[in-house]
Amino acid sequence: GSLDLDRLSTYLESARGLISVMWVNNETGLRLPVEAVTALGHTYGATVHTDAAQAVGKVPVSVAEVPVDLLTATGHKINGPKGTGILFVREGTRLHPLLHGGGQERRLRPGTEDVAGAVGFATALRLAMASQVETDRRLGALRTDFEHRITAALPEVRVHCGDGPRSAHVSSIGLPIDDGAGLLMALDLEGLAVSGGSACHSGAGAGSHVIAALYGSDDPYATVRFSFGHGTSEKDIERAASVTADVARRFTSISPEAPVS
């Protein structure tokens, strides 16, 4: 699920421009090699952007240690105000405005600034960075517990990118079920807020393009993505694993090998 740097290098030999890479994949939680991508891109004179929405406050993020040219992040991912975000621009990086008409934000983004949103984002960012190490430890323990419970109850479960370097707040699993949409609906009726891929596509009927890239478009497994956050407790993990196992058995001939405990 990681990136093929050899293919990127081959592409850069004949093309220049912008490289945009996630710091953490939003569907699998896999941490991508942003530092290596940045070094390679700069070797060929490319501008490097990283989408750090799923990384800030979850894993160490430093634009001093990883010299990306551009970085974006969102407020709601760190319990800040919805609709807020930041764009880090390294000095010397040239930008062209998409909107015109005002002189705000150095003539890059005209319009009245959302001062309250900016203050809220800044506060959330400070709190998230201060607690990042503890958050990673706590959510990592919860994710390990969840995946242990679900794989003990359903040995057929596949943990996506389970052997890779993942952020602790995402667990994406595959179940040998044909009706993925029906599975998600059944879990929703049980009170579990999960998705088949990214939250951005939670209303879409199509399968995840990320999982299709990993396992093929004809993959017989249904994907369920769980996210853990500030309010997630051990009781939530226990119930999520138990309910998921019970619901999965309704859709398949999966037999319980062991209780979820």
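Me: At what angle do helix 5 and helix 8 pack, and how far apart are their axes?
Reply: The angle is about 25°, with the axes 9 Å apart. Axes are lines fitted to C-alpha atoms, for helices over the stretch in contact, and angles run from 0 to 180 degrees between N-to-C directions. Helices (H or I, at least four residues) and strands (E, at least two) are DSSP runs, numbered from the N terminus. Bear in mind that this is a predicted model: local features need pLDDT of at least 70, side-chain atom pairs count only at pLDDT 80 or more, and totals for chains, interfaces and linings use all residues. Residues are numbered from 1 along each chain as its sequence is written, and side-chain values use heavy atoms, with hydrogens and water left out.

Me: Why are helix 5 and helix 8 called roughly parallel?
Reply: Angles under 35 degrees count as roughly parallel, over 145 as roughly antiparallel, 65 to 115 as roughly perpendicular and the rest as oblique. With an angle of about 25°, helix 5 and helix 8 are therefore roughly parallel to each other.

Me: Which residues of helix 5 and helix 8 meet?
Reply: From helix 5 come Leu-142, Asp-145, Phe-146, Arg-149, Ile-150 and Ala-153, and they meet Glu-234, Ile-237, Glu-238, Ala-240, Ala-241, Thr-244, Ala-245 and Arg-249 of helix 8. Contact means heavy atoms within 4.5 Å. The residues of this contact split into eight nonpolar, one polar and five charged. Here Ala, Val, Leu, Ile, Met, Phe, Trp, Tyr, Cys and Pro count as nonpolar, Asp, Glu, Lys and Arg as charged, and the others, Gly among them, as polar.

Me: What about helix 1 and helix 2: how do they pack?
Reply: Helix 1 (residues 5-12) and helix 2 (residues 34-43) pack at about 20°, with axes 10 Å apart. That makes helix 1 roughly parallel to helix 2. Leu-5, Leu-8, Ser-9 and Leu-12 of helix 1 make the contact with Ala-36, Val-37, Leu-40 and Gly-41 of helix 2. This contact has six nonpolar residues, two polar and no charged.

Me: Which residues touch the most other members of the largest nonpolar core?
Reply: Phe-146, Leu-154, Leu-175 and Leu-183 do, out of 26 residues in that core. Helix 8 gives the largest share, seven residues. A nonpolar core is a set of buried Ala, Val, Leu, Ile, Met, Phe, Trp, Tyr and Cys residues joined through side-chain atoms within 4.5 Å. Leaving aside neighbours within four places in sequence, Phe-146 is in contact with Ser-171, Phe-226, Phe-228, Ile-237, Ala-240 and Ala-241. There is also a second, separate core of 23 residues, Trp-23, Leu-30, Ala-52 and Val-68 among them.

Me: What does Leu-125 count as, given its relative accessibility?
Reply: Buried means under 20% relative accessible area, exposed over 50%, partly exposed in between (1.4 Å probe, protein chains only). Leu-125 comes in at 25%, so it counts as partly exposed. Leu-125 belongs to helix 4 (residues 115-130). Neighbours within four places in sequence aside, Leu-125 is in contact with Val-56 and Ile-78.

Me: And how do you know whether Arg-106 is buried or exposed?
Reply: Its relative accessible area is 78%, so Arg-106 is exposed. Arg-106 sits in helix 3.
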